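Have the model open beside you as you read.

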Amino acid sequence: SRRVSPPRRAATRADARARRPPPRASAESRPRPSEVAMVVLGGMRLRLLDSDDDDDDDVAAPSTPENPRKPSDALPAEAFLATKRAWLDMYNNRVTVPANCRDPKTSRRLALIQRLLPDELVVEIFARADPRSVSRAACACRPWRVLARSEIVWRAACHRAWAPRESRDVTARIARERHRGSFRRMFFDRARVRTEGLYVSRNTYVKPGFTDLEHGVKGAPVHLVTYYRYIRFFGNGEFIAKTSPTKVGVAHKQMREKKTALGDDTVVHGFYSLPCDGDESRLHLASAPRIRADSTFTTTHYWLRLRGTHPGASNRLDFVKLASVDDDEDAPAPTEEAWREVDDPSLAYRRSCGYDARAYDGTAAVRELSRGLNTLVFVPWEDAVDHVLNLGTREMDFYVTG
């Protein structure tokens, strides 16, 4: 029998003829170079040709002698399409944590105080606390660390730190001109006097014994004497100072409140200022006159250099000069060489061992003291009881600061 081809084969050949590519366009129908558009998209250059579809109204018809193309219908030679990049809008903008943006899954992992208090209230609490407490709270968790970096917190801290020296407008201007408008950066880079504790120096010297042949006393013991200098600053520009053998764990109770400290006759009270314009690390402390029964008086002057062992610490006070002045005598201000000498790293060791001690003349009208000038260390109130300065001479004979 004769085999008949299925009709599907004929349909397939017809489809193949339909899928054949169209013949190439002639040279007259190709687009001219002026009809090619260059488009820049996201840094890439693309060529767009005129479409062959006559029904497309967006592309102009080819130019012919019968129908010449108008200049307005010509495609642009080059175009730029800007790509929207969201991260470019975040440059030079301080991003803060929005309030009440925690999802239920995150809120379950937070502590009870974080779920109950909104972020605005936590920032207000941080702004009223001291910087030491804020830094400790920032170590508790990540949300508090973000909130502790708020400019509201550090603006309040800067206003409290430099209130005795300048107004709030001056503090804001210095932050804007010198610290790129950041109060937090200014707080860590600028020297400041700390008021949430004591500045303490531990001074030790050797008191030799004597031999009395008349009474048969031989080989008298040698004493190692230790005493402390305390300086306490207040936010209004006042200070109180005291020299005592009492350890820090006991003396801080009296020095914490000004009213309690001024009840002791051995406590010196006065005001502090900046003797040199432009250098905020130099301090001059002048005590109030102590009037005697014969109407004469004595004023004590301290010249100190403020520094820190790490950024934002301001935890060291180096003695430059200490003098007592009677009546209306001029105070002996230190020279520039004396201020530069404080930077000598061996000076603290020489002072602690008493190598530079000079004889003291108690009859002079202006008396400069060369003993007991060890560097003062800042001790916060909460560390006063357990601080290393409370150790006796059996555990620590000399204390040399860094």
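Which helices do the buried residues of helix 4 pack against? They pack against helix 5 (131-138), helix 6 (142-148) and helix 7.

## Ground rules

This is a predicted model, where local features need pLDDT of at least 70 and side-chain atom pairs count only at pLDDT 80 or more, while totals for chains, interfaces and linings use all residues. Residues are numbered from 1 along each chain as its sequence is written, and side-chain values use heavy atoms, with hydrogens and water left out.

## The chain as a whole

The protein chain has 13 helices and 13 strands. Both are DSSP runs numbered from the N terminus: helices are H or I with at least four residues, strands are E with at least two. Of the 402 residues of the chain, 34% count as buried. Here buried means under 20% relative accessible area, exposed means over 50%, and partly exposed is in between, using a 1.4 Å probe and protein chains only.

Contacts are also worth a look. A contact means heavy atoms within 4.5 Å. Among contacts in the protein chain with a separation of 6 or more, 56% come from residues 24 or more positions apart.

## Helix 4 and its buried face

Let's return to helix 4, residues 119-128. Its buried residues are Asp119, Val122, Val123, Phe126 and Ala127. Seen down the axis of helix 4, these fall within an arc of 140°, so they line one face of the helix. The arc is that of the directions from the helix axis to the C-beta atoms.

Leu147 counts as buried because its relative accessibility is 8%. Leaving out residues up to four places away in sequence, Leu147 touches Asp119, Val122, Val123, Phe126 and Val153. Leu147 and Glu120 are 27 residues apart in sequence, and their C-alpha atoms are 9.0 Å apart in space.

## How helix 4 meets helix 7

Two packed helices are described by the angle between their axes and the distance between the axes. Helix 4 and helix 7 (residues 151-161) pack at an angle of about 20°, with their axes 8 Å apart. The axes are lines fitted to C-alpha atoms, for helices over the stretch in contact, and angles run from 0 to 180 degrees between N-to-C directions. Helix 4 and helix 7 are therefore roughly parallel to each other; angles under 35 degrees count as roughly parallel, over 145 as roughly antiparallel, 65 to 115 as roughly perpendicular and the rest as oblique.

From helix 4, Val123, Phe126, Ala127 and Arg128 meet Ile152, Val153, Ala156 and Arg160 of helix 7. The residues of this contact divide into 6 nonpolar, no polar and 2 charged. In this scheme Ala, Val, Leu, Ile, Met, Phe, Trp, Tyr, Cys and Pro count as nonpolar, Asp, Glu, Lys and Arg as charged, and the others, Gly among them, as polar.

Helix 7 has its own buried residues: Val153, Trp154, Ala157, Cys158, His159 and Ala161. These pack against helix 4, helix 5, helix 6, helix 8 (168-178) and helix 9 (183-189).

How many of the 8 residues of helix 10 are buried? The count is 6, so helix 10 is largely enclosed by the rest of the structure. The buried residues are Val248, Gly249, Ala251, His252, Gln254 and Met255. Their cover includes strand 4 (197-207), strand 5 (223-233), strand 6 (238-244), helix 11 (258-261) and strand 13 (376-380).

His252, in helix 10 (residues 248-255), counts as buried at 8% relative accessibility. Not counting residues up to four places away in sequence, His252 touches Leu198, Trp381, Ala384 and Val385.

## Two loop residues with positive phi

Most residues other than glycine have a negative phi. Arg180, though not a glycine, has a positive phi of about 60°. Arg180 lies in the loop between helix 8 and helix 9 and counts as exposed at 70% relative accessibility.

Ser314 has a positive phi near 50°. Ser314 lies in the loop between strand 10 (297-307) and strand 11 (316-326). Is Ser314 buried or exposed? At 7% relative accessibility, Ser314 counts as buried.
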